[in-house]
Amino acid sequence: MKRLRVLEPLAWVGPAVVLIALVVLWPVIEMVRTSFLEVSRFGVVRGWNGTENYDKLFAETDFWPVMLRSLIWVVAVVGFTVLISLALAQLFNQRFPGRKIARWALIAPWAASVLMTSIIFKWMLDPEVGIINLIRRDLGLIPAMGGSDADQLGQAATAFPWLIFVAVFVSVPFTTYALLAGLATIPSDVYEAAKMDGASKFRTYWSITLPLLRPALTVAALINVMNVFNSFPIIWSMTHGQPGYSTATSTIFMFILKGSNIGESAAMSVVNFGMVIVLTAIFLKISKWKQEVA
């Protein structure tokens with residue numbers, strides 16, 4: 001009976017462990033194994049390939065620019081998302097007329113499909129009939145529609161900033177609500193004590209709100225780091241990583257490689273997986289997530 005009681009937790013934990021093994025661990029193992037195989041573009045395994053896939057990947061002229069762009073993509077999107085969400089969370093945590101409507105309106109970009117949102121922005125930026133270009137033309141910012149100046153997604157200098165804007169647009173709602181949940185856990189007593197001590201609003205926010213908000217902020221930012229690094233629909237639906245590879249991140253680059261060399265694409269997947277782990281470890285180190293809030 002004692003042995004059965006010891007094994008009893010397995011009946012509850014076992015299914016979850018099996019699910020994780022099938023959904024997470026097995027694909028990772030297959031991904032690593034495939035990166036060392038020679039696979040035709042039709043998926044036919046031709047045998048062991050050693051490190052040739054990695055050698056070919058690192059020799060790609062666009063590999064290092066793509067990796068640098070991926071880092072810029074993550075830092076820019078997550079950074080702007082967190083800053084905007086901190087401001088919105090603080091605003092929506094106050095009482096004002098129409099607060100419920102404003103909160104519901106904030107959900108819209110989150111509730112909508114990321115792909116649908118990306119396509120809508122692509123239409124809005126269309127060089128012929130896009131509403132954004134129509135406004136720019138009416139303001140005299142571009143002389144005519146259909147010219148190179150109107151093609152915002154056709155130029156590397158303007159396409160990447162627009163992709164970052166759309167990514168921030170779809171990331172802000174979740175992050176804001178996560179921070180709102182964190183603000184709701186902060187007791188009002190600490191604010192009353194700070195007010196009695198004569199602390200300014202900025203000092204109160206910096207010394208009380210932000211430290212107590214750190215757990216929610218850490219979780220929200222970490223989820224954003226992983227989601228943004230692996231983001232695919234926004235870039236692919238709006239630019240396909242073009243012109244050239246000027247708007248491609250490592251995830252887009254990996255997908256493009258799949259069309260010509262599956263083994264090399266698998267090697268890129270392994271690099272992506274390692275990059276996510278490194279970025280996550282760096283973020284957790286910087287955020288000092290183990291340190292207790294005083």
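Which helix does Val 24 lie in? Select residues 2-34: this run is helix H1, and Val 24 is part of it. The model on screen is a predicted one.

**Helix H1 and its surface**

Stay on Val 24 and show the surface. The residue is partly exposed, with a relative accessible area of 43%.

**Annotated spans**

Next, colour residues 12-29, 71-92, 104-125, 162-184, 205-229 and 266-284, which an unreviewed UniProt entry annotates as "transmembrane region". Two of these spans can be checked by their ends. Residues 12-29 are 100% helix and 0% strand, with 25 Å between the end C-alpha atoms. For residues 104-125 the figures are 86% helix and 0% strand, and the end C-alpha atoms are 26 Å apart.

**The nonpolar cores**

Select Trp 73 and Met 238. Within the largest nonpolar core, a set of 41 residues, these two have the most contacts. At least two core residues come from each of helices H3 (63-92), H7 (156-184), H9 (201-229), H10 (233-238) and H12 (262-287). H7 gives the largest share, 11 residues.

Centre on Met 238 and display its neighbours. Leaving aside residues up to four places away in sequence, Met 238 touches Ser 118, Phe 121, Lys 122, Leu 125, Leu 153, Leu 163 and Val 166.

**The loop between H10 and H11**

Move on to His 240, in the loop between H10 and H11. His 240 is not a glycine, yet its phi is positive, at about 60 degrees. Is this residue buried, partly exposed or exposed? His 240 is partly exposed, because its relative accessible area of 35% falls between the 20% and 50% cut-offs.

Pro 243 is also placed in the loop between H10 and H11. Show the backbone here: the peptide bond from Gln 242 to Pro 243 is cis, with omega near 0 degrees.

**Ser 250**

The last stop is Ser 250, in helix H11 (residues 250-258). Ser 250 counts as buried because its relative accessible area is 0%, and buried means under 20%. Which residues does Ser 250 touch, not counting those up to four places away in sequence? Display Val 66, Met 67, Ser 70, Phe 229, Met 268 and Asn 272 to see these contacts.

Technical notes. Residues numbered from 1 in each chain as written. Predicted model: local features only at pLDDT ≥ 70, side-chain atom pairs only at ≥ 80, totals over all residues. Heavy atoms only, no water. UniProt positions renumbered as here; feature names shortened; annotations may be inferred. Helix = DSSP H or I, 4+ residues; strand = E, 2+ residues; numbered from the N terminus. Core = buried A, V, L, I, M, F, W, Y, C linked by side-chain atoms within 4.5 Å. Buried < 20%, exposed > 50% of the residue type's maximum accessible area, 1.4 Å probe, protein only. Contact = heavy atoms within 4.5 Å.
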